[in-house]
Amino acid sequence: MSGSDSLPIFTATSAYSLAFVAVVGVVAYGSAKTLLPKTARWQDKATWIWLAFDAMIHFTFEGSFLYLSVFGRQANTSVGPFAEMWKEYARADARWGFADPTVVSLELLTVLGAGPLCCYILKKLAQDDPARHYWIVVLSTAEIYGGWMTFCPEWLTGSPNLNTSNVLHFWIYLVFMNVIWVVIPLWLMVDSYGHIAKSLRLAQTASRAKRN
């Protein structure tokens, strides 16, 4: 999508949407301080903050989109604070305004699958259960794949629904708000791979020692 955007770069909807994201981040940080021991590794604290933030975003922001985009509904014809928020985002990516089937399909998996999985991993993390590392890899793979499938079909068709003319919409909505769901899951995968690989190597060494 190209052409000038008649609306201002920053609106009241922009303000309360970004403020809500900031509040979610503060709540996620506070939950790590409250529910994790002070002796927890910084990597585990960062993982907790991300997963708590991730879960709340999936259930609130993306959950609202899903509600507004099924059974014949769409954000563009709905009313209310969340509808206005998605209309704002649809100025950057029009597919979120008219309930694009591919986007809705991905959000079904995100809200009903990734959100609960975040909570399950948080439970394992609170219990210091190393099994969490397997599920972190599963979640991170799904989120990276979801990001790819959100944008790749659009790129392959010439990006007809994307509007990059607005600085806020491009750098914050399209770039930053999507890149973090690639960079952080990649980091989590690397960290969890290290734990899984180390455990398997130790188990292999112990098994060989017993045979010898």
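1. Let's start with helix α5 and the largest pocket. With eight residues, α5 gives the most to the lining of that pocket. The model is a predicted one, and in it the pocket holds about 790 Å³ of space. Its lining has 32 residues, and E62, W96, E107, N178 and W181 are the closest to the centre. Besides α5 (132-156), the elements that give two or more residues to the lining are α1 (12-35), α2 (42-68), α3 (81-90), α4 (101-126) and α6 (167-211).

2. By class it has 20 nonpolar residues, along with eight polar and four charged ones. Two glutamates, E62 and E107, are among the residues closest to the centre of the pocket.

3. Next, the second largest pocket, with a volume of about 290 Å³. Here 14 residues make up the lining, and G147, F151, W155, L174 and N178 are the closest to the centre. N178 also belongs to the closest group in the largest pocket, so do look at N178 with both pockets displayed.

4. Which element supplies the largest share of the lining of the second largest pocket? That is α6, with six residues. Both α5 and α6 supply at least two residues each. By class, the count is 10 nonpolar, four polar and no charged residues, whereas the lining of the largest pocket has four charged ones.

5. Now R95, in the loop between α3 and α4. Is R95 buried or exposed? R95 is buried, because its relative accessible area is 3%, and the cut-off for buried is under 20%. Its side chain makes a polar contact with the side chain of D93, at 2.7 Å. Beyond the neighbours within four places in sequence, R95 is in contact with D100, V103, T150, F151, E154, N161 and L162. F151 in that list is also one of the residues closest to the centre of the second largest pocket.

6. On to the largest nonpolar core, which has 46 residues. Those with the most contacts inside the core are W48, W50, L51, F53, W86 and L139. Each of α1, α2, α3, α4, α5 and α6 supplies at least two residues of this core, and α2 gives the most, with 11.

7. L139 is worth a click while you have the core on screen. Leaving aside neighbours within four places in sequence, L139 is in contact with L51, D54, A114, L117, C118 and I121. Of these partners, L51 is itself among the core residues with the most contacts.

8. Two backbone spots to check: F71 and D128. Neither is a glycine, yet F71 has a positive phi of about 60° and D128 has one of about 55°. F71 sits in the loop between α2 and α3, and D128 in the loop between α4 and α5. F71 counts as exposed because its relative accessible area is 78%, and exposed means over 50%. D128 is exposed too, at 54%.

9. Last, a proline within a helix: P153 is found in α5. P153 counts as partly exposed because its relative accessibility is 33%, which falls between the 20% and 50% cut-offs. From P153 to A12 there are 141 residues in sequence and 31 Å in space, C-alpha to C-alpha.

Note on methods
Residues numbered from 1 in each chain as written. Predicted model: local features only at pLDDT ≥ 70, side-chain atom pairs only at ≥ 80, totals over all residues. Heavy atoms only, no water. 1 Å grid on protein atoms, 1.4 Å probe; cavity = no way out; pocket = protein on both sides within 12 Å on 5 of 7 lines; lining within 4 Å. Points joined across faces, edges and corners; volume = space filled by probe spheres on them. Helix = DSSP H or I, 4+ residues; strand = E, 2+ residues; numbered from the N terminus. Nonpolar A, V, L, I, M, F, W, Y, C, P; charged D, E, K, R; others polar. Buried < 20%, exposed > 50% of the residue type's maximum accessible area, 1.4 Å probe, protein only. Polar contact = N/O pair within 3.5 Å; in protein donor to acceptor, adjacent residues only side chain to side chain. Contact = heavy atoms within 4.5 Å. Core = buried A, V, L, I, M, F, W, Y, C linked by side-chain atoms within 4.5 Å.
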